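Please open the model in your viewer and keep the selection tool at hand. The tour below goes from stop to stop.

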Amino acid sequence: MLNQGRCTYVPALPRRSSTIDDLKIQLETILAALFDKQIHCKSRRDTASVMAAGGGVAVGTLLLIEEDKYGLYSNLLFKYFLAEGIVCGHDLFVASAKEHPDNILKELPAPLLDDTYRKELGDEAEVVNSEDFQDSMKIAWRYQNLPKIEASPTTYTKFGHYYDLSKKMPPELCQSVKWHSFYLHEESSFEPKMKAWNMNSGYARLLQSLQRIISQEGFDGSDPQKKQRNVLRIGIQSLGSVLWGDDVCCSDPPEDPHSLTKFLYVLRGLLRKSLSACIITVPSHLIQNKAIMERVTNLSDMVVGLESFIGSERETNPLYKDYHGLVHVHQIPRLNSLICDVSDTKDLAFRLKRKLFTIETSLFADAWLLLSPNQRILGL
Amino acid sequence: MGGKGHQFYQQNPRCLRAAFRALRLPRAVPRGGNATATAPAQTKGAEAAPLAGGCGQGKFTLLRDTRTDGSFLVHHFLSFYLRAGCKVCFVALLQSFSHYSIVAQKLGVNLAAAKEQGQLVFLEGLKSCLDLLFGEEEQPGQPSPLQFLSGSSGELRALFDFVRVSLTPCAQASWKGPVLLVDDLSVLLSLGAAPVAVLDFIHYCRVSVCCQLQGNIVVLVHSSEDSEDEENELVVNSLCHHSDLILWAEGLATGFCKDVHGQIKIIKRLSLRQAAEQDQVQIYQYKIQDRNVTFFARGLSAAVL
């Protein structure tokens with residue numbers, strides 16, 4: 001089931017960049033589908049106005065993913081983020097206490113760089129269209145005449161890459177970019193200066209390593225000689241788990257409740273002052289102290305929670321028969337503007353079909369139909 | 001109320017008065033639905049009707065948000081006080097300088113120029129934290145404001161000293177009253193400061209800024225009814241009791257709506273100054289636009305009318 005998934009088309013990063021605020025990295029799968037109105041968002045309502053943000057993970061920001069119970073789909077997103085970085089030519093920094101980063105990089109999905117996928121996608125999209133949109137709407141008759149979001153590939157501009165999960169990324173492609181790794185159990189013991197930080201030593205070492213890479217490689221603009229500025233994609237796996245030396249996932253109250261939040265604050269500072277974007281997966285279903293999760297959410301820019309149906313009663317629920325899990329958007333970044341939260345819906349579900357990884361809003365649409373028209377408009 | 005209830009209150013006016021007192025609403029406040037009295041108000045300029053209440057001296061304003069982001073209020077107060085010619089000390093803990101600068105430009109204020117002229121003292125928490133942890137040894141005369149991050153004591157004394165020094169009036173420039181702006185206080189708890197230390201810091205700031213210098217303080221906090229963060233709720237509840245004005249931005253209870261981004265409750269704590277007075281509560285709904293925020297009475301958004 002997982003082997004046949006492919007992710008959606010995404011724009012590549014332009015090589016020449018201006019300011020930190022102008023750069024955007026287009027992130028595939030869930031985020032592209034969430035925020036880019038052109039890509040695979042099937043809904044009975046007009047969602048063109050919904051997807052206002054326009055794409056991806058902005059440089060200088062942090063995307064936090066709350067892992068699903070078995071970590072399958074969050075791992076998938078993690079790998080897609082890194083794979084897209086390789087294909088776009090960005091530098092990578094991979095940190096983990098679970099798997100060695102070398103092994104993570106060997107497991108990345110292979111990109112499809114020819115045009116054969118387009119025809120396959122077209123066939124798939126046609127099937128999807130004919131199944132669901134032929135029947136006239138009985139309950140939602142008001143929405144019959146609204147423009148539908150087309151899922152045909154011809155409306156897209158030519159950007160981005162498909163990935164095939166059944167194949168691994170060729171090693172020569174992996175070697176084509178510069179990448180740095182941090183595997184906690186191979187790092188040397190911490191320096192005495194970090195003792196004064198009052199932080200878990202694993203996190204402190206990671207921050208030291210990250211800061212060293214950022215300043216040495218010139219991602220913070222400290223080297224005026226470097227004309228060709230590149231972006232650093234940072235991926236940190238399972239932060240907060242016991243393997244990092246933090247007991248926030250196994251005891252309540254934890255021994256040091258502030259380590260994780262301090263780490264996120266310092267990381268935020270590093271991201272804001274450099275050309276980097278970061279993805280972190282956190283096993284939040286294991287964190288018993290909910291106060292810590294609230295603080296973690298406040299300190300992150302974008303927070304997305306994944307809930308897979310594996311092993312739950314929703315797996316057999318007919319309402320969810322087409323889906324593999326739910327996507328909960330807990331927070332959307334507020335960058336350089338007054339407007340905070342403009343997404344129209346936060347109830348999304350994902351599924352891995354034969355060739356499409358789609359995000360859909362039909363669950364929300366069902367609930368929306370229960371409100372009277374006046375209630376919908378008044379927002380009361 | 002009609003029928004039996006109406007008769008009951010007619011015969012028992014004391015019960016009617018008690019009911020109003022319980023609701024803590026003065027009878028003159030319109031409950032919404034009167035279209036002529038509720039033209040949408042804007043935030044730009046000093047005529048921002050719902051938000052213009054906090055112009056007095058020595059006032060402590062608490063900005064609170066629940067289920068939504070209240071930082072638009074911070075941007076409003078920052079540009080409001082800078083345009084009014086006040087000296088502002090801005091403790092920005094969560095975002096970078098460029099973020100505030102870009103938004104302030106949309107609201108018509110140049111933060112970089114204000115900083116250069118000395119009108120704005122900007123503490124960028126993120127940068128200060130990096131300097132503290134990764135920088136070289138600090139000079140003994142200039143302790144970092146975020147000293148409490150590396151050290152065993154969770155006291156915010158260094159931060160208070162920074163605020164006091166930056167708002168002390170200097171002989172050369174004459175700005176109107178000093179203002180302290182904090183965005184946001186809940187971050188201090190995440191960084192390891194104890195709730196009592198945070199409350200002490202605010203108390204010292206009030207004595208110094210509100211009482212001695214006759215300036216204003218505006219502080220943003222996050223809160224939620226079903227929050228499990230007890231330390232945060234403790235700080236927020238305590239600050240609510242000591243505030244002169246509370247601006248409480250809440251997301252709509254029914255979920256997100258495109259035309260109404262949320263509801264703001266304006267609570268003027270008249271009972272703080274005079275024992276017999278009741279707090280005045282006004283409720284508006286708002287919609288945030290690119291350069292502006294519009295306020296309107298409940299149920300009267302432009303989408304409906």
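Which residue of chain B does the side chain of Arg295(A) meet in a salt bridge? Select Arg295(A) and Asp229(B): their side chains meet in a salt bridge, at 2.9 Å from N to O. A salt bridge here is a side-chain nitrogen of Lys or Arg within 4 Å of a carboxyl oxygen of Asp or Glu.

Before going on, note that this is a predicted model, in which local features need pLDDT of at least 70 and side-chain atom pairs count only at pLDDT 80 or more, while totals for chains, interfaces and linings use all residues. Residues are numbered from 1 along each chain as its sequence is written, chains are lettered from A and ligands numbered from 1 in the order in which they are written, and side-chain values use heavy atoms, with hydrogens and water left out.

**The interface**

Now select the residues of chain A and chain B that touch. The contact (heavy atoms within 4.5 Å) takes 40 residues from chain A and 52 residues from chain B. About 4,000 Å² is buried between the two chains, and carbon and sulfur atoms give 60% of this. Buried area is the accessible area, taken with a 1.4 Å probe, that two parts lose on being put together, summed over both. On the chain A side, pick Tyr265(A), Arg295(A) and Leu338(A), which lose the most area to chain B, together 20% of what that side buries.

Across this interface the rule finds two salt bridges. Next, show the helices of chain A: H6 (201-216), H7 (259-272), H8 (290-299) and H10 (373-378) each supply at least two residues of the side that touches chain B. H7(A) gives the most, with eight residues. Helices (H or I, at least four residues) and strands (E, at least two) are DSSP runs, numbered from the N terminus.

**Within chain A**

Select Asp301(A) and Arg268(A), whose side chains meet in a salt bridge at 3.7 Å, N to O. Asp301(A) lies in the loop between H8 and strand E11 (302-308) of chain A and Arg268(A) in helix H7 of chain A, so the pair ties together parts that are 33 residues apart in sequence. Over all chains the count comes to 11 salt bridges.

Then go to Asn198(A), in the loop between strand E8 (179-183) and H6 of chain A. Phi of Asn198(A) is near 60°, a positive value in a residue other than glycine.

**The sheet of chain B**

Move to chain B and show its strands. An open sheet of nine strands has the order E3-E2-E4-E5-E1-E6-E7-E8-E9, with mixed pairing; two strands pair if DSSP finds at least two bridges between them. Strand E3 (120-124) and strand E9 (293-296) of chain B stand at the edges with a single partner strand each, so one side of each is left without a neighbour in the sheet.

Zoom in on E9(B): four bridges join it to strand E8 (residues 280-288) of chain B, and the two run antiparallel. Select Lys287(B) to find its bridge partner in E9(B), Thr294(B).

**Last stop**

What kind of peptide bond joins Asp183(B) and Asp184(B)? Select both residues: the bond is cis, with omega about -15°. Asp184(B) is in the loop between E4 and helix H8 (186-190) of chain B.
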